[in-house]
Amino acid sequence: MADDEEALTPAEMLALLESQQRRVEGKLGKFVPAILFGWGVAWSVGFIGLWLADGGTAGFVLPFEVAAPLFAGLLLAAGALSIVLGIRSGRGLRPSKESAFTGMAYGNLWWLGSLGVVVIGQALVARGMPADLLRIYYPSAFILFSGVMYVAAGLLWRAQPMVLLGGWSIVVAAVAALVPPPTHYLVCAIGGGGAYLLVAIWTLWWSRRARRGAAEAAHG
């Protein structure tokens, strides 16, 4: 009889499930703004550095020997930040085998696809493509690949902002390839990095709202 009295009604069970879902979403989502902000800064600052090194302005020229390592360092830092925060976001949660496999496969596809972009670029040069065209190929190819990966992430985890960000990245990659250098670096910096920063701000608001909703439900 006590079990019957303590049993949850369907409405209470639904409320409990929704509260747990908000808690999980809030935990996973609170690191996303920092990850997007890291990539936004890396792309914005990195591409602007390449623009300055490639003669983007006569007022100040950044040596390529400085711009290239700066961009590479920013990308490595953003990647390391993504890995660290991604690991921390999963602490305290018990993912299923399917979700764990999906996460592992998706994470490994990032470095595998990036390596493929580099190999294809070098193969094109080896087969006669002027090496100077790599400054157009690499930015657009990497942004295109990133866009496809973000669309895939949005579809896998049902995150509409990621789908929109990925689709926008694909557009930026195509437009940048059509713009004469070195202006194409600005397209990547503003259209690509700027979009990441805007979405980072939006996801910061969203994650705070999700955590606030979970806290209110827990105290309700």
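So, the aromatic cluster: Trp-43, Phe-47, Phe-71, Trp-110, Phe-145, Tyr-150, Tyr-185 and Tyr-196 form one cluster. Rings of Phe, Tyr and Trp (its six-membered ring) pair here if their centres lie within 6.5 Å; planes under 30 degrees apart count as stacked, over 60 as edge-to-face and the rest as tilted. By that rule the count is ten aromatic pairs.

Before I go on, a word on what we're looking at. This is a predicted model, where local features need pLDDT of at least 70 and side-chain atom pairs count only at pLDDT 80 or more, while totals for chains, interfaces and linings use all residues. Numbering runs from 1 along each chain as its sequence is written, and side-chain values use heavy atoms, with hydrogens and water left out.

The chain has eight helices and zero strands. Helices (H or I, at least four residues) and strands (E, at least two) are DSSP runs, numbered from the N terminus. Buried residues are 34% of the 220 in the chain, buried being under 20% relative accessible area, exposed over 50% and partly exposed in between, with a 1.4 Å probe and protein chains only.

Okay, back to the rings. How are Phe-47 and Phe-71 arranged? Their ring centres are 4.7 Å apart and their planes sit at 55°, so this pair is tilted. Phe-47 lies in helix H3 (residues 32–53) and Phe-71 in helix H4 (residues 64–89), so the pair ties together parts that are 24 residues apart in sequence. Phe-47 is buried, at a relative accessible area of 3%, and Phe-71 is buried too, at 11%.

Now take Tyr-150 and Tyr-196: centres 5.4 Å apart, planes at 85°, so that pair is edge-to-face. It links distant parts of the chain, with Tyr-150 in helix H6 and Tyr-196 in helix H8 (residues 183–219), 46 residues apart. Tyr-150 is buried at 7% relative accessible area, and Tyr-196 counts as buried at 1%.

What does Phe-47 touch, leaving aside its neighbours within four places in sequence? The list is Ala-42, Phe-71, Pro-139, Ile-143, Tyr-185, Cys-188 and Ala-189, where contact means heavy atoms within 4.5 Å. Phe-47 and Gly-192 are 145 residues apart in sequence, yet 9.6 Å apart in space, C-alpha to C-alpha.

On to the helices themselves. H3 and H6 pack at about 165° with their axes 13 Å apart. Axes are lines fitted to C-alpha atoms, for helices over the stretch in contact, and angles run from 0 to 180 degrees between N-to-C directions. That makes H3 roughly antiparallel to H6; the cut-offs are under 35 degrees for roughly parallel, over 145 for roughly antiparallel, 65 to 115 for roughly perpendicular, and oblique for the rest. Leu-36, Trp-39, Trp-43 and Phe-47 of H3 make the contact with Pro-139, Ile-143, Ser-146 and Tyr-150 of H6.

Last one: H6 (residues 134–156) and H7 (residues 160–178). Their axes come within 7 Å and cross at roughly 165°, which makes H6 roughly antiparallel to H7.
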